[in-house]
Amino acid sequence: MDSIVIIEDDSSVRDNLIKILSAHGYHAVGAGTGKEGIELIVEENPDLIICDIMLPDTNGYKILEDINTSKKFKTIPFVFLTAKVEMDDLRKGMNLGADDYLTKPFHIKDLLEVVKVRINKSRIRETELTDSDGNSEKKYSLDQRLFLPGDSSANFVLVKDIKYIIADGSSSYLFIDDKNKIMVRKLLKNWENLLPPEVFIRINKNTMINLNSVQKVEKWFNKSYRLFLQDVSEPFVITKQYASRITDSFHS
């Protein structure tokens, strides 16, 4: 039975959520404060977290940030529950790594659909990037094919075809070119551990590139560089901190 933690200070809303989810086969438990919610998450290690943005002792953004610092809990799907519908509020939550949101008042159909979809996607992503031997920790080869679940479909991608990777909160986007990108719930530092280091290098805090896709490198401001990739229209800036990696890679 899938477990769901609900963090909501309005007891009527919280109890209603628990009642609905329990009636549809979920093990649902609730907390009225952020502190109680964190304790429940640690105790339950749930399959999904539903959290109100405004809480008496904290806010949902802070809880999500705390969850993302834990290796054990950061992969749990996180859904915001809020009466706020302003785009800035929703965008802030999604940028922090939230998987979805529900606005109050919600329809039971929408609630059950979000819960079902997010738990199912989480299960798929638990097996993401697993090779045919079931080993997801060893370095990938350039000719290795990766299984990458997306939002609406699954993708198979050769490592050598990845042009660059952009970090986005607790997830990252893999780009095959300007138009084709795949979101994966994996941090950039995880990619550094998995991809062949002689080909994939980090060029700034949020970006890794495929050196085999580099067409041109030119000096830029303050000892930084600009990098141009094949089939990618806009150049990348390589910050001073990472510039030595590029110069070492192309030194001959």
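I counted the elements first: the protein chain has seven helices and 15 strands. Helices (H or I, at least four residues) and strands (E, at least two) are DSSP runs, numbered from the N terminus. The model is predicted, so I note that local features need pLDDT of at least 70 and side-chain atom pairs count only at pLDDT 80 or more, while totals for chains, interfaces and linings use all residues. Residues are numbered from 1 along each chain as its sequence is written, and side-chain values use heavy atoms, with hydrogens and water left out.

**Whole chain**

I looked up burial and found that 46% of the 252 residues in the protein chain are buried. Buried means under 20% relative accessible area, exposed over 50%, and partly exposed in between (1.4 Å probe, protein chains only).

I then looked up contacts (heavy atoms within 4.5 Å). Of those in the protein chain with a separation of 6 or more, 50% are between residues 24 or more positions apart.

**Helix H3**

I went to helix H3, residues 60–68, and listed its buried residues: Gly60, Tyr61, Ile63, Leu64 and Ile67. Seen down the axis of H3, they fall within an arc of 160 degrees, so they line one face of the helix. The arc is taken from the directions from the helix axis to the C-beta atoms.

**Aromatic rings**

How many aromatic pairs does a search of the whole structure find? It finds four. Rings of Phe, Tyr and Trp (its six-membered ring) pair if their centres lie within 6.5 Å; planes under 30 degrees apart count as stacked, over 60 as edge-to-face and the rest as tilted.

One of the pairs is Tyr164 with Phe175, which is stacked, at 4.4 Å centre to centre and 10 degrees between the planes. This pair links distant parts of the chain, with Tyr164 in strand S8 (residues 164–168) and Phe175 in strand S9 (residues 171–175), 11 residues apart. I checked burial: Tyr164 is buried at 7% relative accessible area, and Phe175 is buried at 12%.

Tyr164 also pairs with Phe236: the ring centres are 4.7 Å apart and the planes are at 65 degrees, so the pair is edge-to-face. Phe236 is in strand S15 (residues 236–238), 72 residues from Tyr164. Phe236 is buried too, at 10% relative accessibility.

I also noted that Tyr61, Phe78 and Phe80 form one aromatic cluster.
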